Amino acid sequence: MIVNETQGIAQQVRQFILQEFPQANERSLGEYETFLGSDIVDSLGIVKLIAFVETEFDITVEDEDLQPENFQSIARLTQFVKTKLTRK
């Protein structure tokens, strides 16, 4: 994947988080900031994130993909999506 695609994925993820999780708007959400441990995203939020990436990027999140590190920050979620798209 090229840099622009990576930035595009990260931008889409960031926009979704800012729209769906009001707590993210209360702080400057950095690319590597953990939103799982910072009360931005809870367990129901993870379900929303999974549904978003499956729909938005036309990928399937498998059981083995359900690792906290895949969904802990914008950077990690972007990398996860890139990996899934590459395998497609």
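Biologist: Where does Asp 58 lie, and is Asp 58 buried or exposed?

Modeller: In this predicted model, Asp 58 lies in the loop between α3 and α4. Asp 58 counts as exposed because its relative accessibility is 54%, and the cut-off for exposed is over 50%.

Biologist: What is the phi of Asp 58?

Modeller: The phi of Asp 58 is positive, about 55°, although Asp 58 is not a glycine. This residue follows helix α3.

Biologist: How many residues does α3 have, and what is its reach from the first C-alpha to the last?

Modeller: Helix α3 covers residues 43-57 and has 15 residues. From its first C-alpha to its last it reaches 21 Å, close to the 21 Å expected at 1.5 Å a residue. At the N-terminal end, α3 is capped by Asp 42. A side-chain oxygen of Asp 42 lies 3.2 Å from the backbone nitrogen of Leu 44.

Biologist: Which residues of α3 are buried, and where do they sit around the axis?

Modeller: The buried residues in α3 are Gly 45, Ile 46, Leu 49, Ile 50, Phe 52, Val 53 and Phe 57. They lie on the same side of α3, because they cover an arc of only 165° around the axis.

Biologist: Which exposed residues does the face turned away from the buried side of α3 carry?

Modeller: That face carries Leu 44, Val 47 and Thr 55. Thr 55 is exposed because its relative accessible area is 67%. Separation in sequence and separation in space may both be stated for a pair of residues. Thr 55 and Gly 30 are 25 residues apart in sequence, and they are 24 Å apart in space, C-alpha to C-alpha.

Biologist: Which residues does Ile 17 touch, not counting residues up to four places away in sequence?

Modeller: With those residues left out, Ile 17 touches Ala 24, Leu 29, Phe 35, Ile 40, Leu 49 and Ile 74.

Biologist: How is a pair of aromatic rings described, and how many such pairs does the structure hold?

Modeller: A pair of aromatic rings is described by the distance of the centres and the angle of the planes. The structure holds four aromatic pairs. One of them joins Phe 16 and Phe 21 in an edge-to-face arrangement, with 6.2 Å centre to centre and 80° between the planes. Both of these residues, Phe 16 and Phe 21, are buried. Another pair, Phe 71 and Phe 80, is tilted, with 5.4 Å centre to centre and 50° between the planes. Phe 71 and Phe 80 are both buried as well.

Biologist: Which residues do ring pairs link into a cluster?

Modeller: The cluster consists of Phe 16, Phe 21, Phe 52 and Phe 57, linked by ring pairs.

Biologist: Let us return to the loop between α3 and α4. Is Ser 73 buried or exposed, and what does its side chain reach?

Modeller: Ser 73 is found in that loop, and it counts as buried because its relative accessibility is 2%. Its side chain reaches the backbone nitrogen of Arg 76 at 3.1 Å. Leaving aside residues up to four places away in sequence, Ser 73 touches Glu 31, Tyr 32, Glu 33 and Phe 35.

Biologist: What does the side chain of Asn 70 reach, and is Asn 70 buried or exposed?

Modeller: Asn 70 also lies in the loop between α3 and α4. At 14% relative accessibility, Asn 70 counts as buried, because the cut-off for buried is under 20%. The side chain of Asn 70 reaches the backbone oxygen of Asp 65 at 2.8 Å.

Biologist: Which residues of α4 are buried?

Modeller: They are Ile 74, Ala 75, Leu 77, Thr 78, Phe 80, Val 81, Lys 82 and Lys 84. Helix α4 itself has 14 residues and reaches 20 Å from its first C-alpha to its last, close to the 20 Å expected at 1.5 Å a residue.

Terms used
Residues numbered from 1 in each chain as written. Predicted model: local features only at pLDDT ≥ 70, side-chain atom pairs only at ≥ 80, totals over all residues. Heavy atoms only, no water. Helix = DSSP H or I, 4+ residues; strand = E, 2+ residues; numbered from the N terminus. Expected span 1.5 Å × (residues − 1). Buried < 20%, exposed > 50% of the residue type's maximum accessible area, 1.4 Å probe, protein only. Arc of directions from axis to C-beta. Polar contact = N/O pair within 3.5 Å; in protein donor to acceptor, adjacent residues only side chain to side chain. Contact = heavy atoms within 4.5 Å. Phe/Tyr/Trp six-rings, centres within 6.5 Å; stacked < 30°, edge-to-face > 60°.
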